[in-house]
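Hi,

Here's the structure I promised to pass on. Have a look first, and my notes follow below.

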Amino acid sequence: MKRPRVVPLLLPLASLGAGLAVLAVFFSVLGYDPVLALGAMVRGAFGSWYAFASGTLVRAIPLMLIALGFTVGLRAGVLNIGGEGQFYAGAVAAAWIGLKLGAWPGFAATTAVLAVAVVAGACWVAVPAWLRLRFGVLEVISTLLLNFVAEALVSYMVQGPLQESQHIYPQSDQLPLAARMPVFPGTRLHLGILLALSCSMIAWYVFRRTMTGFELRAVGRGPRAARVTGGLRVQRLGAMALLVSGALAGLAGGTEVSGVSYALYPNLSPGYGFTAIAVALLARQSPMGIVLSAILFGALEAGAGAMQRDAGVPAVAVYVAEAVTIIAVLLADALSSRRRDMVTA
Amino acid sequence: MRPARLLLGLLALGACTRAPAVPEGLRVGLITPGSVTDAAWNSGAYHGLEEIHESLGVPVSHVEARTPAAQEEALRAYAAQGYGLVFAHGYEFQDAAERVSAEYPRTIFIVTSGARTNHRVAPLIFRLEEASYLAGMVAGRLTRSNVIGFVGGVELPPVKAAYEGWVNGATAVNPNVQSRSTYLNNWDDAALGREAALALIRVKVDVFHHNADAAALGVFQAAKETPGVLVFGANADQSALAPAIVPGSAMIDLPRAFLAIAREVQKGHFMPRVIVFGLEGGVVRYEPNPAFTGTLPTDLGPRLQAARDSIIAGTLRPTARPRHRQAGAAPRAGAQG
């Protein structure tokens, strides 16, 4: 049956409202003016074009890319929990190649940087993909564990081969201008947003309109049926989906280095790889949903900074607030899907 | 489509909640790279901010920013809102502060442990090694196993310097002292700090010093669990964390330093420069725990005083390489282990 299209959007919104109401109570109890605090949060995320572009969208870019990757995997029935590690693999590769390309023209240099990041992300996940194909190792575990390896790799890189030229601080040199992605005038929003949006559209098209999308879905929904009745090479499709998934997370790492930090740092990601899983789950595998969901999570983070800055709410309370909002949205989402299941059953 | 409308709605909502009018006069911002509940580096900075608020009566604001992206954003946000003075509390802010400063010439950025002066960015350097040297002297006399330990966060120049000062101080009073050190590559993970300390205890370390912020809370934990193990505090007076096992702290009086700078800025005669604080003037100092007063060797007090005076006079360099390791090497100019 065709479900009404408004409901899936209305419910998360209502729950967002409910979450904010809980927050208001929470802030009052702690002794902070809830109007001031939540006002600062909304202003910090959406208050101006600058705030929206530089705070919210800049954070939404890596979330979008990694969440898209996670969704590609999910559609094919593989769980890539290693977005964080693939992000870092992409970031290391981007910094490494970016530092060598100072003499290239800007467009070529940034393209090369991002391309290398994509390859690095895919390579990082190639190990779990191969282990899965060859030995049936669960990718949930192998991708997760490779996150720690990636973090250690970054730590090593910034104190070893990629350390800045004075060899004092654990960070790389700043990328040459040629390797930096252009930003929209007057903001910190870089061209990565166009990449992220294009990837979402491509994913939407592939999922909806192509044979591959159909096969992915078939494999994800019922691997045995897909193999028996469709003659699909389930394992190979799963491995391919993993590679694409890693490539997207690697691209996220590349855009972060080339568009935001301009250097490799050990704490580059505030856990994008894990937040992105929540982004993807909330979006229910819909690429366009991911765009919105990533913006919502980006807004939460941006608003959290503003709440500390402008309303004097301490960081710890802000973290609680963020978590409450996320749980509220996810809970409402789960409730609404249960209701729908009951309707369709 | 609906998504677009939702976005527009939120944007409109944001625009409705108007920003408060920009107040006149100085406002001071602080950006910390970690939690201000670490009882050391970041909490000291936060106290400094509170001190500025109370003493100078100026509006202040704090934000915690852990990633390079969030750090640059915070710097920009304060500058764009017209904050006159922003403390960026860590070396990692240097590059971003220089980038932002080029666009916002009205804001003064103080980068703690920063590298250089540029535009209106000024580094604030604390010679903690001078106080760690004094802590090391006390440790050298208190250790029974003659093995002292150090747990560091990340191997940065100021952290390494503090470690060298600590070892040199200990060997100055006790030539038999050996030292062990561990770096955690982390400032937050107290469980990791505890593991590192326990591992060092197994190789006979009985007196610790640290420079690991919140992760060091695990070092205190390990010491509390193991009878006879002592910990010297760092960056703040940490005696209160565990009065029975902390003989003293190599501390930075961050509030005093911050307040001095804010005063200068408020009066309008701040000039960007490399700002250095050491034992001289008392911003960096060795703060003994009063609970240990009767238990220390009586000759130690005068020796500490003498060492302090020599450091201030410049005749004793806390980080100079100790003599016993220089055996056979030509004496270096200025090295006075």
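**What I found**

Going along the sequence, chain A reads α-α-α-α-α-α-α-α-α-α-α-α-α. That's 13 helices and zero strands, where helices (H or I, at least four residues) and strands (E, at least two) are DSSP runs numbered from the N terminus. Chain A has a radius of gyration of 21 Å, close to the 20 Å from the globule rule for 345 residues, so it is as compact as a globular protein of that length. The radius is taken over C-alpha atoms, and the rule is 2.2 Å times the number of residues to the power 0.38.

Before the rest, some housekeeping: this is a predicted model, where local features need pLDDT of at least 70 and side-chain atom pairs count only at pLDDT 80 or more, while totals for chains, interfaces and linings use all residues. Residues are numbered from 1 along each chain as its sequence is written, and chains are lettered from A and ligands numbered from 1 in the order in which they are written.

Now the contacts with chain B: 32 residues of chain A touch 30 of chain B (contact means C-beta atoms, placed from the backbone, within 7 Å). On chain A's side, the elements giving two or more residues are H2 (34–46), H3 (49–75), H10 (234–261) and H12 (287–311). H12(A) gives the most, with six residues.

Within chain A, 79% of the contacts with a separation of 6 or more join residues 24 or more positions apart.

Cheers

Methods:
Two residues are in contact if their C-beta atoms, placed from the backbone, lie within 7 Å.
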